Amino acid sequence: MKNVLVLSCFLLLNLSFSQKKRDFILNSPNGKIDIRIAVNDKISWTISHEKDLILAPSDMSMTLDENIVLGKNSVVVNSKKESSDSSFETPLYKKKTVKNKYNQLTINFRNDFSIEFRVFDDGAAYRFITKKKKDITVKSEEVSLNFDQDYNTLMPYVRDLRNPKDQYISSFESHYESKKISEFTKDTLAFLPFLIDYKNHKKAVFLEAGLEDYPGLFVTNNKNKTGFESRFSKYPLQETNGGFNYLNKLITERADYLVKTKGTRSFPWRAIVISENDSALANNDMVQKLSEPSKIAAISWIKPGKVAWDWWNDWNIYNVDFKAGINTQTYKYYIDFASKNKVEYVVLDEGWSVETDIMKHSPNVDLEALIAYAKERNVGIILWASWMALHENIDGVFDNYAKLGVKGFKVDFIDRDDAKMVNSVYDIAQKAANHKLIIDFHGMYKPTGIQRTYPNILNFEGVKGLENNKWTPNDDVPLYDCTIPFIRMMAGPMDYTPGAMRNAAKSEFKPSHSNPMSQGTRCHQLALYIIFEAPLQMMADSPTAYMKEQESTNFIAKIPTTFDETVSLNGEVEKFVTIARKKADTWYLGSITNWDSRDITIDFSFLEKGKKFQAEIFSDGLNADKAATDYKKEIVTIDSSTKLTYRLASGGGLAMIIK
C-alpha cells in the first residue's frame with residue numbers, strides 16, 4: 001500500500017512539473033514565421049522568420065493586486081490551436097476589404113487567465129486574457145523585447161513634454177532617431193511604433209492594438225542594453241490645469257497601479273510586423289486585423305473628405321474688402337472656397353470660442369449664420385475644441401452643437417495615454433457617434449484600432465506634421481516624410497495636414513508664422529495627399545494661396561480620402577516611397593523622395609490588362625531644385641505594360657490621377 005501511495009505521489013509531482021514546463025510552437029500560414037513559447041518559471045516567446053531570429057526569448061507577465069503575477073510559475077491547464085481565413089469590410093480605409101488569415105494558439109493557465117498568440121504571414125501578436133469573477137487591479141505589465149545582435153533602430157523618443165517632470169504627458173510628435181539598440185537615449189522613453197533594421201533587408205515594426213481601458217505602452221533600454229522593456233503611465237489620481245495655454249490636465253498624483261478594470265476581459269495586443277522588403281510596410285493591416293469590429297451599426301452618415309483649414313495659414317487671406325481674421329466674413333470666404341472646389345468641410349480652429357468654455361462663442365463669429373451659410377453651399381462645419389473643455393461638459397457640448405448642425409469636432413491637447421485618458425477617448429467616440437458627429441483627434445497618441453471600432457473617428461495626430469514643421473528649419477522634413485509611411489502610418493491615419501503652396505528648396509526654407517512654407521517641392525506636397533492616410537484630410541494653406549495656384553488646387557480636390565485598393569509599388573525607409581490607390585475606376589499614384597534627387601521608374605502592371613488609361617501627371621520641373629514651386633503637368637496615355645521614369649528633384653515628388 002505504501003508503494004502504491006509513493007508511486008501515486010511521484011506521478012502527481014511529475015504531472016505537476018510537466019504542466020509547469022511546456023514548450024509550444026506556432027507557425028504562420030505560409031510557414032515562414034514561427035513562434036516558440038516556453039512556459040517555465042516564466043513565460044517567454046521567441047520569433048523567427050525563416051532562418052533569421054527576429055526576437056530572442058522575451059518574457060511576458062502581468063502583476064495584479066495582492067502580488068498575483070500572471071506568468072510566474074504558471075501551470076498550463078490546456079491549450080487549443082485554431083486557424084482563421086476570413087476577411088472583413090473596411091469602408092473608411094485605404095482598401096475596401098482586409099484579409100485576415102492567421103494561426104492561433106490559446107494557452108489556458110491555472111489562476112483564471114490565458115495568453116492568446118496569433119501568427120500571420122506578416123507578423124505575430126499576443127495578448128493576456130483574464131477570467132476573474134471580480135474586478136481586478138493591474139499593478140504592472142512586463143513586455144520584454146530582446147535581440148541577438150545590436151541592431152539599428154528608428155525610435156521616436158518622448159521630446160515635447162507638456163510637463164518637464166512627467167515624460168508621460170507628451171504631444172507624441174518626434175522625428176525618428178537612428179541609433180543602435182545599445183545607444184538608446186539615457187533616462188528617456190520612446191513610444192510606439194518603432195522599427196528594427198536586421199541588416200539583411202528584413203525589418204520589424206513594433207505596435208500595439210486593442211488599447212481600451214488600459215494605458216499605452218512605452219519602452220526603455222533593458223539593463224543589459226540588448227533590448228527593451230516596458231513602461232506604462234500609472235493611473236492619475238489628482239490633476240491640475242497646465243501645459244500650453246493651460247489647456248492640458250497635468251497629473252499631480254498617480255496611483256501605484258495602471259488601472260482598476262473588469263476581471264473578465266482581453267488586454268491590448270503586443271504585435272510585431274515583419275517585412276522582407278520595405279515597401280510592404282507601407283501597406284500593412286496589422287492594427288486593423290487585431291482591432292474590435294465597429295460598434296456603430298449604421299455608418300452611412302459618416303462622411304470622409306477634405307477640410308479647408310485656417311490655423312496653419314494664420315487666416316491669411318487678402319485682396320478682399322474686409323479685415324481677415326477670426327470673424328464671420330473670413331469664414332464665409334473659406335466656405336465659398338470650399339464650395340467652389342468641392343471641399344467637404346471647413347474647420348473653425350482655436351479662437352471661435354472661449355478656449356476653456358466652448359459653449360461661449362467669440363462675439364466676432366456668428367456660428368449659427370455660418371452653419372446655415374455652409375449648408376446652403378454643401379459644406380460641413382467642424383469645430384476645434386480642447387479636450388479639457390470638451391471633457392468637462394461633453395454631453396452638453398455634443399447635444400448643443402449637433403442640434404445646430406455642426407458635423408464634428410477636432411479635439412486637441414489630449415497629450416496623454418494613461419488609462420483614464422484612453423477611457424475618455426472611447427467615451428468621446430461613443431457619445432459623438434450617438435449624436436452623429438465625426439471626430440479628428442489632434443494632440444493625440446498613435447491610433448491603436450479605435451478607428452475600426454468607432455469609424456466616426458476619422459483621423460489622429462501623433463505625428464510631427466506640417467503644423468509643427470513651419471517653425472523648424474533644422475528638422476529634415478523630407479526624410480521624415482519618407483519614413484512615417486513605413487512606421488507611424490502602420491498604426492493608422494495621420495493628421496499631418498499637408499498642402500503648402502509656398503514650397504522651398506533646402507537652402508531657401510525659412511520659418512514664417514503668417515506666410516508658412518514647406519520643405520521640398522510642390523509635387524512633394526501634392527503626392528502627400530495620396531501617400532498619407534487620412535480619411536479627414538486637411539488643406540493647410542489659405543484660400544488665397546490655393547486660388548493663385550488653381551491648377552494644383554484642382555488636382556488636390558479630385559483626390560479622395562478613402563480608397564478601395566492600395567498597392568505599395570516601391571520604397572526604402574528614409575529614402576523614398578511610391579504608393580498607388582484605387583477608388584471606383586480611378587487610380588491615384590504618389591511618390592516622394594528625401595533631399596536626395598533620384599530617378600523613379602513606375603511600372604503600371606497594377607492596371608487592368610487590355611485597357612488604355614489616361615494619366616494626369618504632375619512631376620518636378622527642371623528647375624525645382626532651386627524653385628521648389630516648379631512643376632510640369634502632362635497628360636499621357638498608358639496601359640499595364642507601360643513603364644515611365646521620372647526624375648524626382650531634391651525633396652521632390654510625383655503625383656498622378658489615372659483614369
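**Close-up views of a predicted model**

**View 1. Packing of helix 12 against helix 14.** Helix 12 and helix 14 are roughly parallel to each other, because angles under 35 degrees count as roughly parallel and the two pack at an angle of about 20°. The structure shown is a predicted model. Helix 12 covers residues 522-531 and helix 14 covers residues 550-557, and their axes lie 10 Å apart. The crossing of the two helices is right-handed. Helix 12 contributes Arg-522, Leu-526 and Tyr-529 to the contact, while helix 14 contributes Ser-552, Phe-555 and Ile-556. By residue class, this contact of helix 12 with helix 14 comprises four nonpolar residues, one polar and one charged.

View 2. The largest nonpolar core of the predicted model holds 188 residues. Trp-45 and Phe-409 have the most contacts inside this core. Helix 8, formed by residues 419-434, gives the most to the core, supplying nine residues.

View 3. Thr-448 is located in the loop that runs between strand 29 (438-441) and helix 9 (450-453). The relative accessibility of Thr-448 is 2%, so this residue counts as buried; the cut-off for buried is under 20%. When neighbours within four places in sequence are left aside, Thr-448 is in contact with Glu-208, Ala-209, Gly-210 and Leu-211, and also with Val-287 and Ser-291.

Notes:
Residues are numbered from 1 along each chain as its sequence is written. This is a predicted model: local features need pLDDT of at least 70, side-chain atom pairs count only at pLDDT 80 or more; totals for chains, interfaces and linings use all residues. Side-chain values use heavy atoms; hydrogens and water are left out. Helices (H or I, at least four residues) and strands (E, at least two) are DSSP runs, numbered from the N terminus. Buried means under 20% relative accessible area, exposed over 50%, partly exposed in between (1.4 Å probe, protein chains only). Contact means heavy atoms within 4.5 Å. A nonpolar core is a set of buried Ala, Val, Leu, Ile, Met, Phe, Trp, Tyr and Cys residues joined through side-chain atoms within 4.5 Å. Axes are lines fitted to C-alpha atoms, for helices over the stretch in contact, and angles run from 0 to 180 degrees between N-to-C directions. Angles under 35 degrees count as roughly parallel, over 145 as roughly antiparallel, 65 to 115 as roughly perpendicular and the rest as oblique. A crossing is left-handed if the near helix is turned anticlockwise from the far one by less than a right angle, and right-handed if clockwise. Ala, Val, Leu, Ile, Met, Phe, Trp, Tyr, Cys and Pro count as nonpolar, Asp, Glu, Lys and Arg as charged, and the others, Gly among them, as polar.
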